[in-house]
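I opened a notebook for this structure and kept a record of each thing I looked up.

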Amino acid sequence: MPVEFKDYYQILGIPRDASAADIKKAFRKLARKYHPDVATDKSSAEQKFKDINEAYEVLGDPQKRQKYDQFGPGWQADAQPPPPYGRPGHTSREFNFSGTGFSDFFEQYFSGASRYGFPRDIPRGTRPARGNDIEGDILVTLDEAMHGSLRSISLQIANPQTGKVQTHEFQVRIPPGVTNGKRIRIPKQGEPGIGGADPGDLYLRVRHAAHPDFSTDGHDVYHDLDITPWEAVLGTQITVPTLDGNVTLRIPQNSENNQHLRVRGRGLPKAKSGQRGDYYAVLNIKLPQNPPPEERALWEKLRDTSTFNPRTRSSA
Amino acid sequence: MNRPQQPDESGLPIYEPDDHAAYSTEICARITGVSTETIIRYHQQGFIRPLSDPDSDSDTDTDPCSGSEPDPASLVFDDEALRTVRKIEHLRNTCGVNESGLKLILSLIEEIETLRDSLRARR
């Protein structure tokens, strides 16, 4: 079952020698454009958003990028076909997902999918043995993590005894507040058992889709907020986006770079408790690049007037 | 317990994860295909942690000062414990890992997963 090659560099519109910073910049720009929450054509944007996320999942990770780059431009001509399904005793993956938000190409080469269970080297048919458990990733947007969703999953899996490929189709409810890394157990949807024993289980590990504005840690949501040096020193009020609408944030005087400003209860919901995680705006003080002459004059005036010296050590 | 619900109009069964799924030692043993004694042993060795007793005021499972340990058969476990048991059995049966090795491997796997998640979050 050959898989279609994905040109992740083309998807992000960057050259093969792009730096990590360029990759991040390209991802953010495209993710903002095609994010399902803001795009006008939501159906085509959704697929595009998944492609962009997948490309960033690979190219944004140095190890995965190195592996991807080894395929080379002639990948399609030189590629070995993926291992066939249904070869009993074959040690490679003998299953394939769809509906997880990742392409077959990603699933084949970059997914964290694995299986484990009891040994298969026992003589077949001699005694019943439960099927292996299977683990795979499922891409969940932050909007889904906020509100929950219903996802259709299709799992093609080879019967270890007969070699016959079976397709399991089912739906999984993604619960509101699901955190990154959370594993969802789907009972008896893993590898078929031997000799009438139960199938193994399927574990889907939630991977939050990268978002142009937000990241998560548990139920807390983080937003990088760029501010000017004078906003940091003098304080101000800024309207910032959250996962459910804007909030106005007061930036206190004398704020520092990387300072976290918390908004309670504006993170992801926490299961059935009704509580929510917190929202953090992480201040990032940006400096003007090549300011025009009149602004440069002001900086020079500040330099000549200010008594501030960050290299002065306290004698206390 | 995570159980399939009635199919919707698509005809496909719907699985709904239950964050509060809890399995007794006996059910845990049945699902993972090992004996209850094995589950208890894994608990005693610290491989799996039971859910805290909702009737207890304490967050911990046992109070070393009280001298009264809960009856192992009354312990309850979550989905992660089931996964850990299956993983341990896999390591023992296919790789011949002993219990000291298991502790090392499981802690390394956990650490690697944490570090990978942390790296991914920083990107």
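**Entry 1: confidence**

I noted before anything else that this is a predicted model. For the complex, the predictor gives an ipTM of 0.76 and a pTM of 0.78.

I looked up chain A and found an average pLDDT of 83, with 85% of the residues scoring at least 70. Residues 81-92 of chain A have a pLDDT below 50, and this stretch has 21 contacts in the model beyond near neighbours in sequence.

For chain B I wrote down a mean pLDDT of 80, with 78% of its residues at 70 or more.

**Entry 2: chain B**

I listed 4 helices and 4 strands in chain B. Read from the N terminus, the order of these elements is β-β-β-α-α-β-α-α. Chain B has 123 residues, and 19% of them count as buried. I also looked at contacts in chain B between residues at least 6 apart in sequence: 52% of these join residues at least 24 apart.

**Entry 3: where the chains meet**

Strand 2 of chain B pairs with strand 5 (residues 165-174) of chain A in the parallel sense, over 2 bridges. Opposite A:Gln171 I found B:Ile14, in strand 2 of chain B.

**Entry 4: nonpolar cores**

The largest nonpolar core has 54 residues, and I noted the members that touch the most others: A:Leu12, A:Phe27, A:Ile52, A:Ala55, A:Val140 and A:Val172. Apart from this core lies another one of 12 residues, including B:Tyr23, B:Cys28, B:Ile48 and B:Leu82.

I followed up A:Val172. Leaving out neighbours within four places in sequence, A:Val172 is in contact with A:Arg151, A:Ile153, A:Ile184, A:Ile186, A:Leu204 and B:Tyr15.

**Entry 5: a covered strand**

Is strand 3 (residues 133-140) of chain A mostly covered or mostly open? I counted 8 of its 8 residues as buried. In a regular strand, side chains alternate between the two faces of the sheet, so I checked each face separately. One side of strand 3 of chain A carries A:Asp133, A:Glu135, A:Asp137 and A:Leu139, the other carries A:Ile134, A:Gly136, A:Ile138 and A:Val140, and all of these are buried.

Strand 3 of chain A runs parallel to strand 7 (residues 202-208) of chain A, and 7 bridges join them. I noted A:Tyr203 in strand 7 as the bridge partner of A:Glu135.

**Entry 6: domains of chain A**

The domain assignment divides chain A into domain 1 (1-74), domain 2 (82-211) and domain 3 (214-305). I found 9 residues of domain 2 in contact with 11 residues of domain 3. Helix 7 (residues 142-147) of chain A supplies the largest share of the domain 2 side, 3 residues. That side has 5 polar, 4 nonpolar and no charged residues.

Strand 8 (residues 214-217) and strand 9 (residues 220-227) of chain A pair in the antiparallel sense over 4 bridges. A:Phe214 has A:His223 in strand 9 as its bridge partner. The two strands form a hairpin with 2 residues between them, and A:Gly218 in the turn has a positive phi of about 65°.

Strand 9 of chain A is also joined to strand 13 of chain A by 7 bridges, and these two run parallel. I noted A:Leu283 in strand 13 as the bridge partner of A:Leu225.

**Entry 7: one loop residue**

I ended with A:Pro269, in the loop between strand 12 (260-263) and strand 13 (279-285) of chain A. Why does A:Pro269 count as buried? A:Pro269 counts as buried because it has 20 C-beta neighbours inside 10 Å, and the cut-off is 20 or more.

Not counting residues up to four places away in sequence, A:Pro269 touches A:Pro176, A:Gly177 and A:Arg276. A:Pro269 and A:Met146 are 123 residues apart in sequence, yet their C-alpha atoms are 6.6 Å apart in space.

Technical notes
Residues are numbered from 1 along each chain as its sequence is written. Chains are lettered from A and ligands numbered from 1 in the order in which they are written. A nonpolar core is a set of buried Ala, Val, Leu, Ile, Met, Phe, Trp, Tyr and Cys residues joined through C-beta atoms within 7 Å. Two residues are in contact if their C-beta atoms, placed from the backbone, lie within 7 Å. pLDDT is the predictor's confidence in each residue, from 0 to 100. Two strands pair if DSSP finds at least two bridges between them. Domain bounds come from an automatic or database domain assignment. Ala, Val, Leu, Ile, Met, Phe, Trp, Tyr, Cys and Pro count as nonpolar, Asp, Glu, Lys and Arg as charged, and the others, Gly among them, as polar.
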